[in-house]
Structure formats: structure tokens, C-alpha cells
Amino acid sequence: MKISKKVVLTFPQSLVDKPIVFHLIKDFDLVFNILRASITPREEGLMVIEISGKEDDCKKGLDFLKSQGVNVQPLKKDVKWIEKKCLQCGACIPICPTQALKIDRKTMAVSFDEDKCIACELCVKPCPARAFEVRLY
Amino acid sequence: MTKQIRTIEEINEKIKNGKVVVVTAEELIDLVEKDGIEKTAKKVDVVTTGTFGPMCSSGLFVNVGHTKPKIKIQKAWLNGVEAYAGLAAVDLYIGATQIPDDDPANKVFPGEFKYGGGHVIHDLVAGKDVHLEATSYGTNCYPRKKLSTLLNIKDLNEAFLFNPRNAYQNYNVAVNAGDKTIYTYLGVLQPKLANANYCSAGQLSPLLKDPFYKTIGLGTKIFLGGGIGHIVGAGTQHNPDSPRTSKGTPKRGSGTLCVTGDLKQMDPKWLVGVSMLGYGTSLAVGLGIPIPVLSADTVKWAAVKDEEIFAPIVDYSNDYPNAKPDILGEVSYKELKSGKIKLGKKEIPTGSLSGYSKALEIANTLKNWIKSGKFTLNSPAEKIPGPESGIKFRLLNERPVKNGDK
Ligand code: SF4
Ligand code: SF4
């Protein structure tokens, strides 16, 4: 079965210069898509990738990365509401599918319930104040 | 207007003596419900209002000071955003909707418009250094041709907001009757009437509370951007001629104000650069106006409630861009604020671009300023033209140009 998976890779300093990730294509028949990368030579590197391929190839590929000393974690995403930036306009209210963004109909005060947020990011760009931050970790 | 019951001078006397009675427009509604118009008019001296939302027709004049040797700036950019320099040597005007020359705009649709003139104004008032770049052709008296420097608000000779059109008296409710998502200055509108966005503080909004502009005009002192500003007069596209309810409240976008104020005493909290997806940048402006209770009519007008104020529902997929006057219906601010409106059989969720809770904070701030004696009222030197003026909103009459390609 074909699957696709988003993972966060952290490379120790010693591995930053080595083309390890490319083995995923060559040796494990996986396709990958770089979602985010911040790699500075002689420092730790971070890469968020989406890999797709056969389920057991994915597992083998990730095991290979681990064996090389790469730290592999499933991607977690967080959408953070920066209250100080919020204009309390309410443009996000009808957009949010889970009512993580809420408005008190009496005071018209907007609030955010972190626990209800599924990090779908639908609110991020339509917010005129750009009061949301997406954090990948 | 009914009989005058007090003057602005008398109100200022009371402010000095600490005896003034000030209420917000929201509190006034409750008072009138309890005591009636006449009694409330006797008791209350001033009603405060407020609004906080994107106001595109806003901008800032600055004088950056002369360089050595001098430059007569021909083109200028602040943090990469062009400012108009066709004025005297080092005077500039930066508008809220200007975007950087190299902004991708809508090339990748919808454009994000992360930074523009509104953000530059916010950064300046927040005390951040801003990068000024300027070029010129050089003259005998202004030989310099290039300039690149950091600027800070405290080094500027002058920095004053001059907003040609703010505080719209009522506004459209935007919907999308088409079949694909559209990106407008009133936010993202989903197809097939899936959402509706409005942009007014309704029962707190300044011009909805003095619908015939009886107490305000040139020189009226106001809350602007967290500091003190003044009304210059009617703003651009001022249109007092719109249909009104029996109490005189306009049922369409109608009157507007031109306002000004010294940026150096304003607050970044109330001047915020905004990014409208697929549209561009703007500036969210906090504005509040004190309404002196000069007669019982002032109270009657200022006490209108959200359920008595109606806005037109306009299709932004077709009617608005093509300047058609058609509307799909009218809806009250009470319904808009409830979170859904009804259009025929369809229920449409609503969103807003104007922050009501922030508008209330402005009305309360202004109330406290007046009560503490720090803010007195001005008598307007000129009135804002009302419906009797015959002023009407015009579209551009495009005419063919002869030998147009010369
Ligand atoms: S759209 Fe943005 S600014 Fe408006 S209420 Fe939501 S978070 Fe706040
Ligand atoms: S990311 Fe999605 S769920 Fe979370 S607040 Fe935004 S719209 Fe709601």
C-alpha cells in the first residue's frame, strides 16, 4: 500500500554535509517533498519532508535515516494566536471549522481555544492582522 | 433640531469643574430605555462613540528634515514602499494601500500583501527605525541626487496623519453570489453566498450616531489613532443623499470624514497595518467622536440601536465590481452581530472586519479622557453638509479623448 507521511528530520552537525536524504529516492524508491529546511553548514540542520511510497519502503527508509544518526519525528503542527496582534474584528469566526476561534456575542470579544484547534491553517492568511503563527516541530 | 438645551461652552465648563456627565453610545441606549429621551437629554452632556477597522483612505505626511547638501526628493521609499514626493523638497506623503515596488501583488493569486504603507505608518508610530531611500535629478539649490538613511519618528520635523476618508457612515455587507471564491477588501468571500462580511461598529459608530452631522464639523476634536485628532470636514465620497430610516439613520454607505492629527502623540495599538488576502494592504484606524448633547434630538439620534440600523447586502462577485447599484437585501446590525443573517431561505454566517469590542474600548477611553478633564470639546467652525446640501455621489463620466494616442 502506498502512503505519504510528514516527518521532521534533525541532523547532527556531522551529517549536515552528507547527501543522506537522497538515498531515500535511490535505495528505497521513495518520493519526497521538502516542506521546510534550515540547514547551516557546521551547525545542526532541520528539515521537514513529506515522503511517499510503499508502506514498508517508508519504514525502511526512515529506519535507514535513524541508523545514520538522523533524528526522525512525526510532524506536529501548531497554530498560535498572538492575542496582542488581534484586532478583534471577527473575520476569522465563520472560517474556523472547529470553533477554536470564538466570539462572545454580547461583548463581541474574540478568543482562541488552543485545545479545539486542529491546525488546519484556514484562518492564517485571511486574518487582516496576520495574528496567527504556524509552528512546525 | 429640537430646542437647544446646552452649549459646548457650558459642557466645557462642566468638564473643568469635574461635573460633566459622559456616557458611551452603548450606555446611552440603556439610559433612554429606562428614562426616555427628554430625561436622558437633561442628564447627559456628552455621548462617546468609536470605531476600529481598516480605512484605506488614510495616510501620513512627513517632513524628514533637510540633508547636507540638500536634496529635492523626486522619488522616495520608506521600507521599500513608495511615498509621494511631488511636494516641497523633503515633504512626503505615504498612503496606507501602497505596496513595495517589488511586491508580487496578485501574480500568485491570491497575493498575501504582507507589508505596505499601513505597516510603515504602524512601524513609525511604534518608534521603529524606518529605511528612507530617495532619488532626485539635482538642481543648483538642491544638488544631492541620492539618499539612504534610517529614520525615526522622533527625528522627523512633522508627522501627521491626513486621512481623506474615514469613519464611513454605514457600509455594505459583502457576499459572493458567484461560483468561485473571491478575495476582497471586505475579506475572503466564499461562493454561493456561503458567508457575509460587514464592516461597521453599528450602534457605536460615530456618524451613525449623529446622522445629520448636527454637532460635528471642521475643528471637532476627536480620538484618532490613540491620540487627539481633528475633523477637517466631509471626507471624499461624502454622500448625505442616501436613503434613511424614519429616525434619519442612513441605510447605505453615506457620510464620510476627512481627519487629521499629529502622529507623534498616537499609539501603535490604534494604527495597525493590515493585509487583505488577494486585495492589498490598509491601515486599521481607531477613531472616536464625542457628541455633545445639544438637544433632545441629539439623544434620539444617538440612541438608535443595532436593530434599527440597516446595511445593504451587496454581491461582490458582480454588482460591486461593475458599479451596479443593485442590492440583494437589507439587514440589521443586530442580525449581523448574531452570527448569521437570512437572505430569502438561506442562512448565511457573518464575519466582521470592524472590531466592536475595540470600538467600545475607544468610546470608553474617550469617556475617561473627558471625565478626567484632559479632553474638552471644540465647536465646529464649519458644518458637514447634510442631505439638504444636494451633494450627490458621482461615478466618473469617462469621455473619449481626441487624438488620444499622442
Ligand atoms: S481575523 Fe485576525 S484580527 Fe480578526 S479577530 Fe480573527 S485573529 Fe483577530
Ligand atoms: S487553524 Fe483551523 S482550527 Fe485552528 S483556529 Fe485556525 S481555522 Fe480554527
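1. Basis of the values. The model is predicted, so that local features need pLDDT of at least 70 and side-chain atom pairs count only at pLDDT 80 or more, while totals for chains, interfaces and linings use all residues. Residues are numbered from 1 along each chain as its sequence is written, chains are lettered from A and ligands numbered from 1 in the order in which they are written, and side-chain values use heavy atoms, with hydrogens and water left out.

2. The interface. Chain A brings 16 residues to the contact and chain B brings 27 residues, where contact means heavy atoms within 4.5 Å. About 1,600 Å² is buried between chain A and chain B, with carbon and sulfur atoms giving 60% of that area; buried area here is the accessible area (1.4 Å probe) that two parts lose on being put together, summed over both. Nine residue pairs are in polar contact between chain A and chain B, both residues being at pLDDT 80 or more. On the side of chain A that touches chain B, the residues divide into ten nonpolar, three polar and three charged. For these classes, Ala, Val, Leu, Ile, Met, Phe, Trp, Tyr, Cys and Pro count as nonpolar, Asp, Glu, Lys and Arg as charged, and the others, Gly among them, as polar. A polar contact is a pair of N or O atoms within 3.5 Å; within protein, one must be able to donate a hydrogen and the other to accept it, and residues adjacent in sequence count only if both atoms are side-chain atoms.

3. Salt bridges between the chains. The rule (a side-chain nitrogen of Lys or Arg within 4 Å of a carboxyl oxygen of Asp or Glu) finds two salt bridges across the interface of chain A and chain B. In one of them, Arg130(A) pairs with Glu112(B), the closest N and O atoms being 4.0 Å apart. This pair runs from the loop between β7 (110–112) and β8 (132–136) of chain A to the loop between β7 (91–95) and α4 of chain B. Arg130(A) counts as buried because its relative accessibility is 16%, whereas Glu112(B), at 26%, counts as partly exposed; buried means under 20% relative accessible area, exposed over 50%, and partly exposed in between (1.4 Å probe, protein chains only). A network of salt bridges links Lys125(A), Arg130(A), Glu112(B) and Lys114(B).

4. Salt bridges within chain B. Lys305(B) forms a salt bridge with Glu33(B), with the closest N and O atoms 2.8 Å apart. The two residues are 272 residues apart, Lys305(B) in the loop between α6 (296–302) and β22 (310–315) and Glu33(B) in helix α2. Helices (H or I, at least four residues) and strands (E, at least two) are DSSP runs, numbered from the N terminus. Glu361(B) and Lys269(B) also meet in a salt bridge (2.4 Å, N to O).

5. The ligands. Ligand 1 is surrounded by 13 residues, the closest being Cys86(A), Cys89(A), Gly90(A), Cys92(A) and Cys127(A), where a residue is near a molecule if one of its heavy atoms lies within 4 Å of it. The shell around ligand 2 divides into eleven nonpolar residues, one polar and one charged, and Glu121(A) is among the residues that come nearest to ligand 2.

6. Helix α4 of chain B. Eight of the nine residues of this helix (117–125) are buried, including His119(B) and Asp123(B). Just after α4(B), Gly127(B) takes a positive phi of about 85 degrees.
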